[in-house]
Structures are given as C-alpha cells and as structure tokens.
Protein chains: 2
Amino acid sequence: MRPGFSDPPVQSAHDRVYRGLRLQVMHGELLPGTALTLRGIGKSFDVSMTPAREAVRRLTAEGALTMSASGRVATPELSNERIEELASIRALLEPELASRALRRAHLALIGRMESINEANARAVHRQDAVEYIRTNLEFHRTLYLRAQSPAMLGLLETVWLQLGPTMRALYARLRRTAAPPHHRLILEALRAGDDAALRLALRTDVTQGLRHLAVYPGEARA
Amino acid sequence: MRPGFSDPPVQSAHDRVYRGLRLQVMHGELLPGTALTLRGIGKSFDVSMTPAREAVRRLTAEGALTMSASGRVATPELSNERIEELASIRALLEPELASRALRRAHLALIGRMESINEANARAVHRQDAVEYIRTNLEFHRTLYLRAQSPAMLGLLETVWLQLGPTMRALYARLRRTAAPPHHRLILEALRAGDDAALRLALRTDVTQGLRHLAVYPGEARA
DNA sequence: CGGTGTATTTTGTGATCACAGTGTGTCATG
DNA sequence: CATGACACACTGTGATCACAAAATACACCG
C-alpha cells in the first residue's frame, strides 16, 4: 500500500546507491563540505553515472547533500541559524513521536532500547563518533517506530540526514567522555508511563546535544 | 548559500520539469491515482526522459508522487490514517511557524494576507478548486515566510505536496459555498499580537479543513 | 459467449556519448 | 619571485539506445 518505504526486496541500482550514501551521510561518515562526484560515486558502487545521479538528486531533495549553482555536489555546511532551526524541529517532532509511542511501548521495547543504549555507551568509551551517532539514532528510532506515524518519522529522518555531517564534526571536536546524556530519563519515563516527563526528557536530550554548536564561529557569515 | 530553494535564475531542464510538476501536484491539478509516464512528462515539457526521470525521482523523495514496485509513477492515494497523520503534522508545524512570524508581522503583511484571502473567497464563489487551494496555501505561506525558518517551512511544503491531490478530491466533492473558514480569526490574532489565539486559530483552521476526509470509506482496506 | 493463453505495445532502467561550463594547474612574462 | 593568462582535465547535463519487465490487447479455445 505504501511502496518505496519499508520494502527490503527491491534492489535497483540507484536504490543501492541511494541507501548507501544516505547511511554514510546520516551516520556522519562524511564531514561537512566533503565534495562528491557522480563518476566517483558510480565507481565506488560499481554503476554508471545514471543511478548515481538519481541517488544524488533524491538526497539533495532531502537536504542530505547540496548542489552548487554549477552542479557541484557536497555535504552541507550548515550555518548556526540553520543548526538551531533543525534542532528546534527535532524538539518539536521527537516529543510528539515519543508521546505517541508511549502507550504502545511494552517492556520488550524498553529492553531493546536499553541494549542499544549500552552499545551507545561503549561507542562513547571507544571514541567512535560514527558508531555513537548510529546507535544514538537507533535508540530514538526504535522508540519512534512504535508511534505508528510513518510520515512524521520520515520527516524527522530528513532532519537527521541534514544534521549528519555536522553532528560528526561536532562530536569529533568535543570529545565526550561521559555516557549518553538523558537517555536514562527517557527510559525511566517510559517505564513509568509518564507522558509529560517523557516529552521533557526528549526535548532536553535533543536540545542539549546540539546546543554546544553555536560556540565556535569560525565562518560566521550571515 | 542554499541553492535550489528560492533562486529563480537557474533554469536547467530538469528543474523546469520539477517545478512544473510540483505546482501541478501541490495545487491539486492532478487527482489521486493519476498515472504518469516519463516519456509523457518529457513530451509535455519538451525534453527527453532523462530530466523527467530526475524530476520524478525528486518528487517521489518528497512524497509528491509514488512509484509502484515496477516503477510506475502516479499521484498518491492516501489512506485515511495517512491523511490524519499529515493533518496532525500540519497542526504541529503551522502554529509554530505562525508564532515565529508573529513578532515580525507588520501591517503591510496583514494587508497582503487580506487581499489573498479575498482572492480565495472569490475562488470559493467561482467553485474553482485549484485556485482555492492555491490561494489558501499562499495565504499560509505568506505568513510563514516571515518566520525566517526555511527548514521548517520546507518540511511543511513537503506535507502540503503530499496532500495536494487528496485536497483536490476533497474540495471537489463537498462543494464549499461558505467563505474560507478560520482565516478571519488568524488575521484578528495577528493584529492583536495574541500568540495563544494565533496558534489556536491555525490549529483549528488546519484540522477543520481536513477532518471531513475520513467520512466516505469507499476503499477502506487496512 | 466467457476465460485463458500468447503476442504486441508500453514502460522504466541503466549505459554511453557528445557537449558546455568550471576549476585547476602550469608556464611564460614582467 | 610574483602575477597573469592559457590550456587541459574534470564535472554535470541531456539525449539516445538496448534491454527486460509489465501491462494491455487480442485471438483462440472450451
């Protein structure tokens, strides 16, 4: 009924490229401003430029990549205003998704989230930025999947995608030593079934994680 | 700084196709389930299939079009659950955008919105569904542009895009005779600078306009 | 006359090519 | 040694083609 969303069997060439690039961007494997070429992408996925172009076009539409006026492709370098705006969108959507998932969150789900959270803590200890981002997003997505709101989750993933390279740059320079921030509060609110506490925990988790961005100007322009 | 968003000069072939199709979908010129072909699109824009494919890929990524497993392209036929979900996303984003625009909304803006609203009323009187949708969206967008939140507005336009064909189908069958619903409340709240009233007016305007959807089942499946 | 098989047309996919614009590197010159 | 222009390599764009899958039309058989 809703093709192209969660159907694993399909494996057209452009879809492989799309998924591969998408994960690379979302997980922060590419730093902001990284230049990409269609021929290079095609070569690394062993396809011609045609599927590479379509994948890039699609990712550009989602804000995962930017294209200069001359068509040059690169990962986005976000301004501070943009970062704050994307953070506030997360702060708007994620509490809502969490709240919708709350009534459907049984113990098995909470247990799975705890185990993901432990993997996340290990990634922090190992200073593995990419794995940290990956498990962090998986922690959140595992919860939101229960909200049964695919469109809202889709929008949120778009936001994550746009923040991917920036988050990587962030976590690379302020080397976290502490464990993930407010995830424990989230889990407690889930167990308690406390909607207000859950919304608050999500909001602070999101804003806290991205507030440290607007510090070093460097290339403040606008 | 953010190419491909609001820069009129660019005119590559695939961009013309993209913009053209996008407007057709968003304004409800195409009913839900309308089938499209790449060659047909290319012919109607006088280009080959290549730019048509890229435009379709992009619109598919934004949810404006759907592709079957075999690659067939069509405008989306939304389930009732999906419609309600999209409406609730509108109800989440639009009050926020309106609130952000409130402090920057001077009298000239309100005047412009009033004139758009009059055009909207004329469209209602003329039973012109497409023009009704167009002016209605323009009314909202004129306000939200003042919010200076391009990412949030971009997400919202994605939602509008997904609802385009469905809104057309809706307004086609329940022939409005009354003027636009809660736009007057919105304008009054803007003039009064009343944030709470503005948020409420937006929320009701959005949900009211789409609540009448889940009535006729016809093809209730899930 | 209805259903089923096949044949034909239509469709999306991916590769390849020619082309124009851009950026970069280099070499000559002041 | 610095600065300028020029040339070459590179990049994205759009058109075209061969191909396979799908949908449609059609004819044949029960």
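How do β2(B) and strand β3 of chain B pair, and over how many bridges? They pair in the antiparallel sense, over two bridges. Strand β3 of chain B covers residues 73-74. Strands pair here if DSSP finds at least two bridges between them. Strands (E, at least two residues) and helices (H or I, at least four residues) are DSSP runs, numbered from the N terminus.

This is a predicted model: local features need pLDDT of at least 70, side-chain atom pairs count only at pLDDT 80 or more, and totals for chains, interfaces and linings use all residues. Residues are numbered from 1 along each chain as its sequence is written, while chains are lettered from A and ligands numbered from 1 in the order in which they are written.

Stay with the sheet of chain B. Three strands form an open sheet in the order β1-β3-β2, with antiparallel pairing. Its edge strands are β1 (35-36) and β2 (66-67), each pairing on one side only. B:Met67 stands opposite B:Val73 in β3(B).

Chain A has an open sheet of three strands too, in the order β1-β3-β2 and with antiparallel pairing. β1 (35-36) and β2 of chain A stand at the edges with a single partner strand each, so one side of each has no neighbour in the sheet. In chain A, β2(A) and strand β3 (residues 73-74) pair over two bridges in the antiparallel sense. There, A:Thr66 stands opposite A:Ala74 in β3(A).

Next, the helices. Two packed helices are described by the angle between their axes and the distance between the axes. In chain B, helix α4 (residues 80-102) packs with helix α7 (residues 150-173) at about 145°, axes 10 Å apart. Axes are lines fitted to C-alpha atoms, for helices over the stretch in contact, and angles run from 0 to 180 degrees between N-to-C directions. On the α4(B) side, the contact includes B:Ile83, B:Leu86 and B:Leu93. Across from them, α7(B) contributes residues including B:Leu156, B:Val159 and B:Leu163. The residues of this contact divide into eleven nonpolar, two polar and two charged. Ala, Val, Leu, Ile, Met, Phe, Trp, Tyr, Cys and Pro count as nonpolar, Asp, Glu, Lys and Arg as charged, and the others, Gly among them, as polar.

How do the chains meet? 25 residues of chain A are in contact with 26 residues of chain B. Contact means that C-beta atoms, placed from the backbone, lie within 7 Å. On chain A, α3, β2 (66-67), α4 (80-102) and α7 (150-173) each supply at least two residues of the side that touches chain B. That side divides into twelve nonpolar, five polar and eight charged residues. 96% of the interface residues of chain A are also interface residues in chain B, so the copies meet through the same surface.

A rotation of 180° with 0.0 Å of shift along its axis superposes chain A on chain B, RMSD 0.0 Å. The two copies are thus related as by a two-fold rotation axis. The C-alpha of A:Arg58 is the nearest to the axis in chain A, 2.5 Å from it. Superposition is by least squares on the C-alpha atoms of residues with pLDDT of at least 70 in both copies.

Finally, the DNA. Of the 17 residues around DNA strand C, A:Ser12, A:Ala13, A:Ser48, B:Leu38 and B:Gly71 come nearest. A residue is near a strand if its C-beta atom, placed from the backbone, lies within 6 Å of it. The largest share of this surface, three residues, comes from α3(A). Around DNA strand D there are 17 residues, the closest being A:Leu38, A:Gly71, B:Ser12, B:Ala13 and B:Ser48. Here α3(B) gives the most, with three residues.

Methods. Two residues are in contact if their C-beta atoms, placed from the backbone, lie within 7 Å.
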